[in-house]
Amino acid sequence: MAINGRKPRRTQLDKFDAAILEFAKRWAPFGGGHEFVLAEFGINIGGFYHRLHWILQELEPHERDPKVVAITQHNYTAHHGPP
């Protein structure tokens with residue numbers, strides 16, 4: 001249920017989303033680890049950044065790693081156009 005027109009945020013990520021976020025944090029300093037995404041998660045790189053973009057939107061701003069946000073914005077836009 002939305003409160004004041006704003007969708008409530010989840011309190012905890014599921015295991016799959018938490019693994020994607022952890023992977024993104026680990027690989028952000030090295031450009032993303034694109035070559036490992038399909039083997040690790042079974043999704044292509046476009047799907048990975050689409051999901052990661054959604055995960056970041058679910059987090060409160062203070063919970064977002066700036067390096068992950070930057071690389072996600074860059075790669076999401078490259079694969080899907082501007083958010």
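Predicted model: local features only at pLDDT ≥ 70, side-chain atom pairs only at ≥ 80, totals over all residues.
Residues are numbered from 1 along each chain as its sequence is written, and side-chain values use heavy atoms, leaving out hydrogens and water.

The protein has 4 helices and 0 strands (DSSP runs, H or I of at least four residues for helices, E of at least two for strands, numbered from the N terminus). Of its 83 residues, 31% are buried (under 20% relative accessible area, with a 1.4 Å probe and protein chains only).

Now for the helix pair. Helix α2 (residues 34-41) packs against helix α3 (residues 45-58) at about 85°, the axes being 9 Å apart. Axes are lines fitted to C-alpha atoms over the stretch in contact, and angles run from 0 to 180 degrees between N-to-C directions. So α2 is roughly perpendicular to α3 (65 to 115 degrees). His34, Val37 and Phe41 of α2 meet Ile45, Phe48 and Tyr49 of α3, with contact meaning heavy atoms within 4.5 Å.

Over in helix α4 (residues 66-80) sits Asn75. Asn75 is buried, at 7% relative accessible area. Leaving aside neighbours within four places in sequence, Asn75 is in contact with His34 and Tyr49. Here is what its side chain reaches:

| Asn75 side chain to | Distance |
|---|---|
| Tyr49 side chain (polar contact) | 3.5 Å |
| Ile71 backbone oxygen | 2.9 Å |

A polar contact pairs N or O atoms within 3.5 Å; within protein, one must be able to donate a hydrogen and the other to accept it, and residues adjacent in sequence count only if both atoms are side-chain atoms.

Conventions:
Parallel < 35°, antiparallel > 145°, perpendicular 65-115°, else oblique. Buried < 20%, exposed > 50% of the residue type's maximum accessible area, 1.4 Å probe, protein only.
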